[in-house]
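Welcome! Please take a moment with the sequence and the model below, and then we can walk through them together.

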Amino acid sequence: MIAELGQVFLSLALILALVLSTVPLYGAYKNRPALMAMAHTLVIGHFVFALAAYTALSIAFFNHDFTVTYVATNSNLLLPWYYRLSAVWGGHEGSLLLWILMLAGWMLLVSLLSRSLPRAFIARVLAVMGMISVGFLLFTLLTSNPFDRLIPGPLDGQDLNPLLQDPGMIFHPPLLYMGYVGFAVAFGFAIAGLLGGRVESQWVKWSRPWTLMAWAFLTVGIALGSWWAYYELGWGGWWFWDPVENASFIPWLIGTALIHSQAVTEKRGAFPAWTVLLAIAAFSMSLLGTFLVRSGVLTSVHAFANDPERGMFILGFMIVVTGGALVLYALRAPRIMTGKGFDFMSRETLLLLNNVFFAVSAAMVLLGTLYPLIIDMMGWGQISVGPPYFGAMFVLLMTPIVVLMPLGPFSRWGKDQLLRVVYPLLGSLALSLVAALIIVALLDAWSARAITGWMGGLWLILGSLHYLFDRKKTSRFGLPRHQLGMIMAHAGVGVFIIGVAMVESATYERDVRLTPSESVSIAGYEFTLQEVVSVKGQNWIADEARFAITKDGELVQEMAPQKRLYHRSGQTMTQVALRPGVFKDLYIAMGEELDAQSNAWSIRIHIKPFIRWIWGGALLLALGATLAATDRRYRLKQKQSASDGLSTSAASIT
Amino acid sequence: MRRLVLPLLCLIILGLSQPLLASAIEPLPFRSELEEIRFKALAEEIRCTVCQNQSLADSDAPLAQDLRRELFVMIQDGRTDQEIRNFMVERYGDFVLYRPPVASHTLLLWAGPILLLVIGLIGSVIIIRQRRALLKS
Amino acid sequence: MIRLLLPLIVFGGLVGLLLIGMQTAEERKIVASPLVGRPIPNFELPRLHEPNISTSTADRLGEVWVLNVWGSWCQSCRIEHPYVGRLAEESGVPVVGFNWKDEQADAKRWLSQFGDVWAYHMVDFEGRSAIDLGVYGAPETFLIDQRGIIRHKHIGPIDESVLRDLLARIDRLKQEASS
């Protein structure tokens, strides 16, 4: 019953989305306020039905309704309730439903928070987003219905992939999708701007907080995925340049370029066409990511079950959405140069360079990911493009960004002098170079990577902080949020770089054979295997290795990695033990039992320096973006709002 | 163990892929830390051909185990990194290398981004020149 | 104008690439062997039923023959088994088994259960020679000509259409050898 209800809710959402994507658009075209205003009501209904459908599937999971095929394949009686709820997005069908729910949520927020925008404009934005929703609802209902019945239902279901039975996996997909889907808002604003005919440079300002939020979600989503891979896969790696990872990274890179080009277009009116193009590209790359993950066109470690039919659908959808948008772009994009002029040394130039490097990086990742296809099409054989390629290219393309980044905030719009910008930063530069050498000496981590990493990272952190204090001195009220956010994000990149440089240059990794009461010493730590015992969980049993870690004779930590066997699926999985730390992680993973008699096990021990800084940096990026997005200057005027008194003074600072 | 994993390997060949969840943890008797570092670096650069985009270092597939053993022996024999890469390529083709060779068929791959960057930078100069003219008028 | 159309053109190219990629996804899963067109590596391995006798790949020089990689642990080897039998029967050339990473007892039991249709079996317990041969999954089938050159490699189980293809190729190789 609940599945049929869910089905009905989804169909109703589809009908509302269909109306939403046509009627308000017609209203905007004919200038009929009543038709335009319908968009808001439709968006609410659309969200309610999407939520109802989602809830229906959640209930089916919670109640172990194995007559629903999707539930039967992704859950079982032994699965704890919280994983039953997160199992909703554990497979392809349910994750699409989550996509739809989030899109509906974003639409609702746009509708609620943008009431003061021109009627026709917001009607167009919501209609465009409605079209996207139509595509995804059709995709779900036609090719991937999560409510399909399995009659007669089995007594017990299969299992949620054990890799996904983990707290990190509860949050990773929703946040990632929030980012992907969030770019639909920027896309909607850009298309509405194009549809509006005349260049509404205003739309850029309106869409900035949305873009920032989507980008923040995507950042956290990717970081969570990296963190999850680090502790869940047992390899100790944090990024593999796998096609699926790249699929999320390409929209991120384009989104980064978009955030910066929006700044130029909003403030100076320059590059409006380019900004539109980036907004289209960011969402299109999200769609491409969805395609790559679900079509089976590329070989990846963690793809969904592949289905060419679904691939064809997404590809067709992409042709409609992106192709349509690009045709519109070709017809409507501003052809004349607009906005103010600027000189070689100016903030515009620096932002332009940012866009060049980020756009080329995105193109590079896309090229590398698809190159096996290209080369096969040309009949030139088969090759693999992996971490050595992406790593080398990415560092090459990002180095100039790191060098130039702290100059950005110091530079002036329009016209500036290089010396005036660089001069105040010389102190930070010198300090970061010297401090980098001292720190590397203290850590005894001499290597080119560590030294350059610390130099670059400190340059970003100190250069950003420098700006903060500079401004604190000159303005009484402190920095507006969007500037604080920018500083935080730029410093976050510095933190990230230090993390990467240290992890990649100073990781200790040893595979050892240990029997109980044996110990091994690595980098000053003594790892003693005390015993190997059997433990039981709700839906698994495991061998657990109990370790005591000592340093200079004192106990640092007890750790207990496991090797789990999941009852239902019969899959084994390594559960690593971690001791997280600001400066280093201790990391133990169990391998195989090498000898049953002596109880010897193969054990992998890592010491990962500064690895938390990688995710910490990403978190700072996301927090910075969130801070910037919530700045007053983006808050739209609410009629007779009492709290609005201060906004004029805040806006005048920038 | 072998009997457990090899059927999986067969499934993969048949296209019925099943992720191998175990990670390749294998204590080997290295003579020096340098040897171990070289081993790890090479194992990460060589693709496990039967897996879903995993390196030798990350895979527990039996073939990956065999190839790791081979890699270990070659390092013990004092072969150079390039000799080891050649050994793999001769048997499994360029596909096994995660670092694609620079050759005519990978020219676009290696030079493409650089070319794009150059175009982007030249384009930027042109744009800035136009914008500068705007500043003067 | 071109500048405004350029994104559309690039996108068109991308879509074309992905469309073709969708069609070739299955065949790209099979990695072509660089050994095709090259001499078969020379290695000597014990026979399954006569462990004291070692056989070398060079022994077969001067005739067209087939090397078939299998193991008792391999599900799809069971599927292709009847076709291997027909291949041996209809081709008229020796079909040699390459027993890969198998326990001897298991292999023998498997053969007595399903039938031994091979001329003889070379046993590679360690998997060392399989690496030289570029084997990456069973079953695999190599066609070798009279000069000892690997002329074709089929990866995956043999079925009716693969059998036809293999027989035709063997015929051509035999003609080549006799002329």
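A residue is called buried if 20 or more other C-beta atoms lie within 10 Å of its own, with C-beta atoms placed from the backbone. By that rule, buried residues make up 39% of the 137 residues in chain B.

Keep in mind as you look around that this is a predicted model. For the complex, the predictor gives an ipTM of 0.90 and a pTM of 0.92. Chain C has an average pLDDT of 91, and 99% of its residues score at least 70.

Let us stay with chain B and its fold. Chain B has five helices and zero strands, so to read its elements from the N terminus on is to read α-α-α-α-α. Among contacts in chain B between residues at least 6 apart in sequence, 52% join residues at least 24 apart.

Now turn to where chain B meets chain A. Here, 40 residues of chain B are in contact with 52 residues of chain A. Which helices of chain B each supply at least two residues of the side that touches chain A? They are α2 (33–45) and α5 (107–136). The largest share of that side, 15 residues, comes from α5(B).

What kinds of residues make up the side of chain B that touches chain A? The table gives the division.

| Residue class, side of chain B that touches chain A | Number |
|---|---|
| Nonpolar | 20 residues |
| Polar | 11 residues |

How values were computed
Residues numbered from 1 in each chain as written. Chains lettered and ligands numbered in written order. Predicted model: local features only at pLDDT ≥ 70, side-chain atom pairs only at ≥ 80, totals over all residues. Contact = placed C-beta atoms within 7 Å. Helix = DSSP H or I, 4+ residues; strand = E, 2+ residues; numbered from the N terminus. Nonpolar A, V, L, I, M, F, W, Y, C, P; charged D, E, K, R; others polar. Buried ≥ 20, exposed ≤ 12 C-beta atoms within 10 Å, placed from the backbone. pLDDT = per-residue confidence, 0-100.
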